[in-house]
There are 2 protein chains.
Amino acid sequence: MVATLLSARDVEFLLYDWLQAAELPQRARFSTHSRETFDALLAMCADLAASEFAPLNRLLDDQEPRFDGERVHQPEPVRRALQAFTDAGLLGLALPPKLGGEPVPAVVRTACLAWFQAANIALAAYPFLTIANMNLLLAHASEDQVQTWVAPMAAGRFFGTMCLSEPGAGSSLADITTKAVPDAATGHRVFGNKMWISGGEHDLAENIVHLVLARIVGAPAGVKGLSLFIVPKFLLDEQGNVADRNDVTLAGLNHKMGYRGTVNALLNFGEGKHLPHGSPGAVAHLVGQPNRGLEYMFHMMNEARIGVGAGAAALGYTAYLKALAYARERIQGRPFGNRTAAPTAIIQHPDVRRMLLAQKAYAEGGLALVLYCARLVDEANSALSPADREQADLLLDVLTPIAKAWPSQWCLAGTDLAIQVHGGYGYTRDHDVEQHYRDNRLNLIHEGTNGIQALDLLGRKVLGDRGIGLRALFETVQTCIAAANAGGGEGAELADQLAHTWRHLMEVTDQLIAPGETAATLALASFYLEAVGHAVVAWIWLAQFLATDRRPGDFYEGKRAACRYFHRYELPRVTWRLELVASGDRTLLEVVDAQF
Amino acid sequence: MVATLLSARDVEFLLYDWLQAAELPQRARFSTHSRETFDALLAMCADLAASEFAPLNRLLDDQEPRFDGERVHQPEPVRRALQAFTDAGLLGLALPPKLGGEPVPAVVRTACLAWFQAANIALAAYPFLTIANMNLLLAHASEDQVQTWVAPMAAGRFFGTMCLSEPGAGSSLADITTKAVPDAATGHRVFGNKMWISGGEHDLAENIVHLVLARIVGAPAGVKGLSLFIVPKFLLDEQGNVADRNDVTLAGLNHKMGYRGTVNALLNFGEGKHLPHGSPGAVAHLVGQPNRGLEYMFHMMNEARIGVGAGAAALGYTAYLKALAYARERIQGRPFGNRTAAPTAIIQHPDVRRMLLAQKAYAEGGLALVLYCARLVDEANSALSPADREQADLLLDVLTPIAKAWPSQWCLAGTDLAIQVHGGYGYTRDHDVEQHYRDNRLNLIHEGTNGIQALDLLGRKVLGDRGIGLRALFETVQTCIAAANAGGGEGAELADQLAHTWRHLMEVTDQLIAPGETAATLALASFYLEAVGHAVVAWIWLAQFLATDRRPGDFYEGKRAACRYFHRYELPRVTWRLELVASGDRTLLEVVDAQF
């Protein structure tokens, strides 16, 4: 079962042969760890994901959460699986020593959690949201708030959510209308409606800790008037035990295409159904400074975006391994030109290999990309020099929209190919891949649609800082290309084409940065994001090629074949997109509503 | 409601302004018709699809067919909707005069039926399969068989199926193992298992007429030993009324990602659960000559493939119109560079327009492509000269795999964009688009996967006849390009790029046809299919551009904008695919199983 979630061999290759994760324990922050503790943790995650999470994957899809007007019902085994996750200490992988933690490097954590995303992404959402919630509070909340809220989350007693979107404010957070009214007795009271709240209501934990973006009355309009609040489902008594209901009520559940096992709620804050301390309004505790809520959220959102990419890669990965297993056992057709031969496994057909190689290139490339970004998170947190830290921040900034968008798009495309390899069987619910597709489809939408990522990359990260981050990335790519050239052989050949594409990319980028009509440039942002994404992953593949270090054996040959595939069959997709962006074509600006 | 299925204005444009369907009644075959009868029929279909089929679309998805071990249950309203279809005479649109029909041209029929595909493709499958079944029998069955089986199907009393696939024989029909044993009393008895049988079991009609491919004992191996049989669910008494059960039993239903309203069955023939005439074996009536079954099936399959393309286009079309309506009413964000402006409808954002223009180009382009092919069917049946008829056959032959594969791929991509335009809402089952996506996903698989279409196009249609069909198509494209050049202006500019791409396509094709390693060429067939598909649809768009005849007004401006979009944003996808095919890259041949 483990064998069809991720490849442990590949995870090991990426972490150690490529990203040198075994060296991290030399740094003070990770000094209690070693390659042995990492390996034990990874092996435990692989086992637990396979034994506790994967068996519930179809069940959670079939029996989606049901609201009877009073409470939300979910299949009973969900509790046991979540308890196993908690019992294994996995909620606390990022906890600081003051809360009893021994922080595991982000690159190892990301790999650990990917096993659960591959096994059951909808179930994994509960602990993942809780972890993101804790990380945000650890960074921005008071000591007191950390003790009150983070400690019980780390123990698995409370679960967390993120409440940003509203019915009229999804991509446009500037339009959030939920308001916070100062209240002498309790701090603040919050009033408003929040939508798309994953984990927004359930009884899987004693309490739910909502992190809510709201506007304090009198605060400025737009994103600079948003503050962040802790709004629990239940108030706590003086011992920190759950007591009265807060004024937070479930207005309804969303019924989704996939990801069905994760409750997705519309929440009403302060509608007066409950009266905490005798009056309406959801009791809320301000986190940090007023009006800095979005900034705090973005701290979480960048990690969340890498997490979305990791989820997309993990789903693409398990779908690939299942398609591969199917292609090896399914007998159909004959080798080309030999009608009297015995029927063959479909993996022998070149068009099936095309689909499998594409899936391999997308899934392993996507996982490598998000692990690379997680490694940058570690670098930003633990690098030995300020310059290294700054460099890591710079790269992370420009890579984050790509780490979210690229796996969302291409590991979804890989999941689609997994259906196609299965033929009619893949279209049935007797096989996993159609669910993986439906689950994975969300990743293009949540945590900022890919269109938003495109504007983030081109508008904020490239035009906004005049290409400094991209140039830092270009230098990193150049270093890899130089190493490939120095090694000669096929690596040098592949590097040649990559160098050509990156020069083109930088030329076009320089042209875009030069004074011009920004609106016209940004209209083509999605093509730019796609071009940069493929150029980045082609580099990630070359880096993997080099990390195989010319070793013989099927695993390394396979890595090199996937790199070859990506460079020959995928990299050519970059050129026309760059040419389109460079052309400044105005079709999208000039077409008017009535012409559709 | 009609307004979100297809655009009646566009259907009118395609049929009359472009394909000159109003001239068809001048031909003897269609002489009882006129533009007025076509228009009345089209309007009735639009209304009926909207009033009877569309309201059941979500219901059939929610309440999929259920087998209780005895019979298959479906929601009750299904009957009424099918009855309305029958009562409107729509089963008989292709019937010859001898059965009381007044054949409607294929191009008009295809447009008529597209309304039902857009409204409820799973429900439409029942009459569509029955129509395909009738057409096959009309072409190849005896007078007697036609009277016995086709007449009650035309009256809606019997429904039809196509039974080709088996658990071990899907793409590889050569491996069909179902056998037919001659039986002096009844003709033949059939024994075997058939899989993926749409409409295979239900009680929506008095009887089900299965058309079954089976191998008569002693027949050759491979596809040349397959014969076609009529195998009814119920035997008929001497008056032609249903009597005893035949030996055909339901082994189980498939539960699918989409298209859930269409029963999809595993059928056991001759397992002895029923004993017709006192002995086991499904009573079967041979159609035409022994061992020519696949040839007869292919007669149907070519039309079925165009029908699959039409279904994919219709689903992409309705998804587009729903995304368009949503984008016009959903308020979110502000115009670029104006943070203090009032929030705007999302159709004002260039990236949303990109997605809408792509959807428009795919949906209208896909519908245009299948209508063009249907018009060729009419030409093949009614052209005034044998040369015109031969030319139509030649074009139809080469275009059929494209008419199946291109809309399956790109109108599905459009349906995906419709989800994306809706954002989180599109991912919920409160909106139609996620179901349209799931339904549309089947089209890449059934009636020959797109991989099979690629081999059909490159292997059989191009290499097989040494490019004659493609050259005929090239000449047709050249005629369009010449007309565009003669007209000057933007049309000539667009034609220029198209001419360049087609020259490239023909050069590469010549290279492929030249003696070489066929296995290596065919390994890249999918890229060739995609390249030709986009080159064909770019031509179809230029033809539409010209058909607007420089007329002013939003509708025509919109057509020209979509053509511009397709040529600037889609046509560039052809070049690198052709270069890849021309390179003869061997990566797919050289990678071995163990390297995955």
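**Group meeting talk: helices and the A–B interface**

By class, the contact of H5(A) with H7(A) divides into 12 nonpolar, eight polar and two charged residues.

Before I go on, this is a predicted model, where local features need pLDDT of at least 70, side-chain atom pairs count only at pLDDT 80 or more, and totals for chains, interfaces and linings use all residues. Residues are numbered from 1 along each chain as its sequence is written, chains are lettered from A and ligands numbered from 1 in the order in which they are written, and side-chain values use heavy atoms, with hydrogens and water left out.

Now the terms. Helices are DSSP runs (H or I, at least four residues), numbered from the N terminus. Axes are lines fitted to C-alpha atoms, for helices over the stretch in contact, with angles from 0 to 180 degrees between N-to-C directions. Under 35 degrees is roughly parallel, over 145 roughly antiparallel, 65 to 115 roughly perpendicular, and the rest oblique. Contact means heavy atoms within 4.5 Å. Ala, Val, Leu, Ile, Met, Phe, Trp, Tyr, Cys and Pro count as nonpolar, Asp, Glu, Lys and Arg as charged, and the others, Gly among them, as polar.

Next pair: the axes of H8 (residues 350–382) and H16 (residues 554–570) of chain A come within 9 Å and cross at roughly 100°. So H8(A) is roughly perpendicular to H16(A). This contact includes Leu357(A) and Tyr362(A) from H8(A), and Tyr565(A) and Phe566(A) from H16(A). It has eight nonpolar, one polar and five charged residues.

On to the two chains. A rotation of 180° with 0.0 Å of shift along its axis superposes chain B on chain A, RMSD 0.0 Å (least squares on C-alpha atoms of residues with pLDDT of at least 70 in both copies). That's the relation of a two-fold axis. In chain B, Arg573(B) has the C-alpha nearest the axis, 3.8 Å away.

Last, salt bridges: a side-chain nitrogen of Lys or Arg within 4 Å of a carboxyl oxygen of Asp or Glu. There are 10 between chain B and chain A. In one, Arg429(A) meets Glu64(B) at 2.3 Å, N to O. Asp416(A) also pairs with Arg441(B), at 2.6 Å.

Key: Helices (H or I, at least four residues) and strands (E, at least two) are DSSP runs, numbered from the N terminus.
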